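Hi everyone, thanks for making time this morning.

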Amino acid sequence: MQFSRLLFAALASAVVAQSPIAIIYLDPGFAGPSQQISSIGECDAIDPSTMPPEVGSIQVASGIECTTYFDPQCQNVNQHLTSTQSNIAGPPDAQSILCQQPN
């Protein structure tokens with residue numbers, strides 16, 4: 001019985017760890033090619049084999065904020081996104097994204 005509980009807890013943690021904290025989309029309205037972001041506090045380069053380096057909309061988990069960057073190393077800030085947005089105003093160019101919990 002104890003082993004079953006530990007196994008269940010481990011599997012539940014693994015599933016939670018794999019859940020995306022944000023999903024970026026090429027087009028407004030959560031359309032077009034997309035990329036899931038699963039890491040908090042780590043720079044994620046936008047994969048050119050998945051989608052072009054542009055973000056038109058974003059779904060963000062509750063309690064998470066994301067910043068897009070013009071470069072692949074999260075150095076040159078583009079936009080700070082504090083919530084889900086179906087149509088991101090401003091320059092869509094983005095080569096990387098960093099998501100984190102606000103202070």
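Let's start with aromatic pairs: a search of the whole structure turns up one. It is formed by Tyr25 and Phe30, whose ring centres are 5.7 Å apart. Their planes meet at 70°, so this pair is edge-to-face. Please keep in mind that we are looking at a predicted model.

Are these two residues buried or exposed? Tyr25 is buried, because its relative accessible area is 11%, under the 20% cut-off. Phe30 has a relative accessibility of 29%, so Phe30 counts as partly exposed.

Now to the inside. In soluble globular proteins, nonpolar side chains tend to be buried together. Here, the largest nonpolar core has 17 residues. Those with the most contacts inside this core are Ile24, Ile37, Ile58, Cys66, Ile97 and Cys99. Which elements give two or more residues to the core? They are strand 1, residues 22-27, strand 4, residues 57-60, and strand 7, residues 96-100. Strand 1 gives the most, with three residues.

Leaving aside residues up to four places away in sequence, Ile58 touches a number of others, including Ile24, Cys66 and Ile97. Phe30, from our aromatic pair, is also among the residues that Ile58 touches.

Next, the sheet. Strands of a sheet pair through backbone hydrogen bonds, either parallel or antiparallel. What is the order of the strands in the open sheet of four? The order is 3-7-5-6, and the pairing is antiparallel. At the edges are strand 3, residues 43-45, and strand 6, residues 77-81, each of which pairs on one side only. From one strand to the next, the twist averages 25°.

Let me stay with strand 7 for a moment. On one hand, strand 7 is joined to strand 5, residues 65-69, by five bridges, and the two run antiparallel. Within that pairing, Thr67 has Leu98 as its bridge partner in strand 7, while Thr68 has Ile97. On the other hand, strand 7 pairs with strand 3 over three bridges, again in the antiparallel sense. There, the partner of Asp44 in strand 7 is Ile97.

How many of the five residues of strand 7 are buried? Four of them are, so the strand is mostly covered.

Note on methods:
Residues numbered from 1 in each chain as written. Predicted model: local features only at pLDDT ≥ 70, side-chain atom pairs only at ≥ 80, totals over all residues. Heavy atoms only, no water. Core = buried A, V, L, I, M, F, W, Y, C linked by side-chain atoms within 4.5 Å. Buried < 20%, exposed > 50% of the residue type's maximum accessible area, 1.4 Å probe, protein only. Contact = heavy atoms within 4.5 Å. Pairing = 2+ DSSP bridges. Axes fitted to C-alpha atoms, helices over the stretch in contact; angles between N-to-C directions. Phe/Tyr/Trp six-rings, centres within 6.5 Å; stacked < 30°, edge-to-face > 60°.
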